[in-house]
Amino acid sequence: MEPIISVRGLGKTYAGGFTALKNVDLEIRRGEIFALLGPNGAGKTTLISIVCGIVNPTAGRVSASGFDIQRDYRMARSEIGLVPQELATDSFESVWATVNFSRGLFGKAPDPAYIEKLLRQLSLWEKKDSRIMSLSGGMKRRVMIAKALSHEPSILFLDEPTAGVDVELRQDMWDMVRGLRESGVTIILTTHYIEEAEEMADRVGVINRGELVLVEDKHTLMQKMGEKELSLHLPEPLQTVPEILADLPLTLSADGSQLVYRFDIKSSDTGIAELLRRLNDANIDFRDLHTRESSLEEIFVGLVKGARQEQQAQLTKETQE
Amino acid sequence: MNWYGIRAIYKFEMARTWRTLMQSIASPVLSTSLYFIVFGAAIGSRMGEIDGVSYGAFIIPGLIMLSLLSESISNASFGIFFPKFSGTIYEVLSAPVSPFEIVAGYVGAAATKSIVLGVLILVTARFFVDYEILHPFWMLGFLVLTAVTFSMFGFIIGVWADDFQKLQIIPLMVITPLTFLGGAFYSINMLPELWQKITLFNPVVYLISGFRWSFYGVADVNVGISLGMTLLFLLLCMATVWWIFRTGYRIKT
């Protein structure tokens, strides 16, 4: 199936000389929830802003629903809704007026019935005549979502949708995003909360220092990058890791009651059988055992750290030369 | 053409006018009335006629121009500056609207307000002095042309300004002096010879002179030159706006 968004060789260097994006290639599949994950300043917002037409790229091409975002900008932009990170609203306008304004701006004929449905869905109907300035932060964010959806786009960008949103509301937001996906909207969200990507996304792209480090199906990513931990609960605490097990990647918990074995689930031989055999030989008993997959967070930190170390190594090498 | 888009911006801007009715309509009408009382009735009664027109009537076109210029600029500049300031500009930039449509919405609304204001001042003037309009068609033409031109100029200032002070500085430091020195309250023939020459570098002279001609058939400079200069300024503004959108100057990074 043809991707709904296709990004080719995208680059952005700001006037000040700062390079926010380097040669980014990305394809978003129709109907998926895609999470763009990265630390602050990684280039997430720049990438989104280019696709939405707010920032001009320095290099590369982007198409949305098959329309080039520069040549066929009208068609491309009609397909896209954007909820930016900053809460920017027209304080003195009513909710009803501002959402209808957005629909008109995007070239759609007025449709009060649709706007009513939208506001009800977002629990804003009771507030439709209130001035935006009188609403709470969470409601303002929902107003911005309503504005972004007012012209019935097929692609929705959510830039840090839950930044500064309390836990309860975050859950609502996630439910809402899932509901939108059900209705066929493709969703691209940026986040630096790993749990958000882990909870929501079908696929995850990790961006760091303007480079797309990887794009992967969430489960594959966790599987591929994942390390597993096997914990053995000992009936009698140990002082040190026994001599016979010293060559294995084992650590002893602080109180000596658990032996933790790290293994890579990618490798064909995880070494678990060998470990158990040796424990048996050494007469070490255990009460219980469990395994744990590393979270997306650990994967992410690993990736970003890895990239940084690589860069530093490169730098040191260059300075030495 | 995204007509709904133009209409949305236009309606949004007009709604802002109704919200700030006192500031956008009532206050210019009040201040113009004060001018009529002070210069028209009180001082004007001691002044002779200028070019066969009573002083009270003579200042009407200049006073309308004074308000028209400052209100067009302040309305249009604020209209585009505020979304930049509050961050809501993202929506206009990400919408399927062309630069022409954006300008049509913002400048159209600002010009509409100025024209309404000009007509209101004209009606208010009736309560203080008698006047006639010799060429009503041309009068309306100059009114609309000036409102559109200076709303566009205001739009440019609004894009250029990155703080509130810059927003005020051009109307306050440039436009107001130029209007006062542009013959709003006197005929430039009343100036010493040297100043008559210097004053021809003031573009507002042409606006006021042409506008006054449409009322009383008398002008400081030829009406054709007035029209030409106004059109020239409109073209300059249009070219600048075109350049702004082509380069993304101060609205896109």
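**View 1. An open four-stranded sheet of chain A.** In chain A, four strands make up an open sheet with antiparallel pairing, in the order S2-S1-S4-S5, where strands are DSSP runs of E with at least two residues and helices are DSSP runs of H or I with at least four, both numbered from the N terminus, and where two strands pair if DSSP finds at least two bridges between them. The edges are held by strand S2 (19-28) and strand S5 (67-68) of chain A, each of which has a single partner strand, so one side of each is left without a neighbour in the sheet. S5(A) and strand S4 (residues 59-64) of chain A run antiparallel and are joined by two bridges, with A:Ala64 standing opposite A:Phe67 in S5(A).

The model is predicted: local features need pLDDT of at least 70 and side-chain atom pairs count only at pLDDT 80 or more, whereas totals for chains, interfaces and linings use all residues. Residues are numbered from 1 along each chain as its sequence is written, while chains are lettered from A and ligands numbered from 1 in the order in which they are written.

**View 2. A:Asn23 in strand S2 of chain A.** With 13 C-beta neighbours inside 10 Å, A:Asn23 counts as partly exposed, a class between buried (20 or more other C-beta atoms within 10 Å of the residue's own) and exposed (12 or fewer), with C-beta atoms placed from the backbone. When its neighbours within four places in sequence are left aside, A:Asn23 is in contact with A:Gly9 and A:Gly11, contact meaning that the C-beta atoms, placed from the backbone, lie within 7 Å. The C-alpha atoms of A:Asn23 and A:Asp288, which are 265 residues apart along the chain, are separated by 50 Å.

**View 3. A second open sheet of chain A, in the order S12-S13-S11-S14.** This sheet has four strands with antiparallel pairing, and strand S12 (250-252) and strand S14 (288-293) of chain A stand at its edges, each with a single partner strand. S12(A) pairs with strand S13 (residues 258-264) of chain A in the antiparallel sense over three bridges, and A:Thr251 stands opposite A:Val260 in S13(A).

**View 4. The side of chain B that touches chain A.** Here 23 residues of chain B are in contact with 27 residues of chain A. Helix H1 (3-19) and helix H4 (89-94) of chain B each supply at least two residues of this side, and H1(B) gives the most to it, with eight residues.

Note on methods
Contact = placed C-beta atoms within 7 Å.
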